[in-house]
Structure formats: structure tokens, C-alpha cells
Amino acid sequence: MSETNEQPADAVDAVIEAWQRERPDLDLDAIAVAGRLGRVGLLLGPAQETVFTSFGLQRGEFDVLAALRRSGAPYTLTPSQLSATLMLTRAGMTNRLDRLEAAGLVERTLDPADRRSFRVRLTDQGYATVDDAMTAHTANVTRLLSALDQEQLGTLDGLLRILLRALEL
């Protein structure tokens, strides 16, 4: 950024500019990227939540319904499978399942192969809700990312994929 009275392009630029003034010895390129990734996450999260709440769901409940829907017919998984898929503790999963069952979106039945275990299945209402919510969620995220053209979106996706692989090692 030049030494003029220009406004910073975004809030991260203001932080980087201040650090460059105070610590010109530091290479802050990675800090700028990490700062922007963090801000994008903070801004995207609430914008996505509005879709879920319009269907009477919290994000975690949507995640459970979506995992069941993606599993294919008969849209049934064990709580352990759901916990593993969503990287959630069993206690956390139990709370989500309790709320979804009370809302009539899933049902729990004894597993015929292991009567100590349960199976969780989407109800017809749950199936319709998650399909409608996924349609709205897809349209919303497409709108939120519409500042990027298809090529830019593909480039960003590829770069984030590389970064995630490195961080998940």
C-alpha cells in the first residue's frame, strides 16, 4: 500500500499496514491470508445460518439430516456412524438426535443386528426438510460467493484443497 491517505482495501489491510509500520522486519503475507480466511469464515457462518433457521434448524441439526440424506436409501445410520462422519462426541450427537426426533425429522429404532444399538432414520418430513434446506443452502452459498467468477472459484477451491491437505496431516 502506498504512503498516501488512501483507505485500506479491507480491515485486514489496516492491520497489516499497522504491523508493517511497527515491525517492518516481518513478512506478513501469510498473516494477511490467514486473517482474510478467518474473516471470510466469520462472515459466511451467520449468512449460512439464516437459511438453516428459516427451516427451524440449527447448523448442527442440518448437518445430521444432510449426513443421513447423503447416505442414500434407506437414509439410516447408527449414532456412532453419524458421530464419526460429523466429528462429534456421542453426547453431542445424542442432544442433536433428541431435538430432531422431537421435531419429527428422524426416528430411532433398535438395530435388529445388535439390540444394544440404535439406528437413526430420516422420516418423510425429515427427508423433505433436508432436501428443501439443501436447495436453499446451495442457492445462498452460490449468491454469497458470486463475487468470484467460475474460474476464480475453481482456483480458490484448488488452493484451499492444497492448504487443507497440508493442515490435516
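How many salt bridges does a search of the whole structure find? The search finds 10. This is a predicted model.

**Salt bridges**

- Arg36 and Asp10 meet through their side chains in a salt bridge, at 2.8 Å from N to O. This pair links distant parts of the chain, 26 residues apart. Arg36 lies in helix H2, while Asp10 sits in the segment before helix H1 (11-22).
- Arg36 also forms a salt bridge with Asp13. Here the closest N and O atoms are 2.7 Å apart. Again the pair links distant parts of the chain: Asp13 is in helix H1, Arg36 is in helix H2, and 23 residues separate them.
- Shared partners join Asp10, Asp13 and Arg36 into one salt-bridge network.
- Arg36 has 30% relative accessibility, so it counts as partly exposed. Asp10 counts as partly exposed because its relative accessibility is 29%.
- Arg21 pairs with Glu22 in another salt bridge, with the closest N and O atoms 3.3 Å apart. Both Arg21 and Glu22 are exposed.
- In general, side chains of opposite charge can pair when their charged atoms come close.

- Strand E3 covers residues 114-122. E1 and E3 pair in the antiparallel sense over two bridges. Within E3, Arg121 is the bridge partner of Thr76.
- Strands of a sheet pair through backbone hydrogen bonds.

- Helix H2 (29-54) and helix H7 (150-167) are the elements that give two or more residues to the patch.
- H7 supplies the largest share, with four residues.
- Leu148 is placed in the loop between helix H6 (124-144) and H7. With 31% relative accessibility, Leu148 counts as partly exposed. Patch residues need over 30% relative accessible area, so Leu148 passes that cut-off.

- The peptide bond from Ala73 to Pro74 is cis. Its omega is near 10 degrees.
- Pro74 is found in the loop between H3 and E1.
- Tyr75 is also placed in the loop between H3 and E1. Tyr75 has a positive phi of about 60 degrees, although it is not a glycine.

- Where is Met87 placed? Met87 is in the loop between helix H4 (79-86) and helix H5 (90-102).
- The phi of Met87 is near 50 degrees, a positive value in a residue other than glycine.
- Is Met87 buried or exposed? Met87 counts as exposed because its relative accessibility is 76%.

Technical notes: Residues numbered from 1 in each chain as written. Predicted model: local features only at pLDDT ≥ 70, side-chain atom pairs only at ≥ 80, totals over all residues. Heavy atoms only, no water. Pairing = 2+ DSSP bridges. Buried < 20%, exposed > 50% of the residue type's maximum accessible area, 1.4 Å probe, protein only. Salt bridge = Lys/Arg side-chain N within 4 Å of Asp/Glu carboxyl O.
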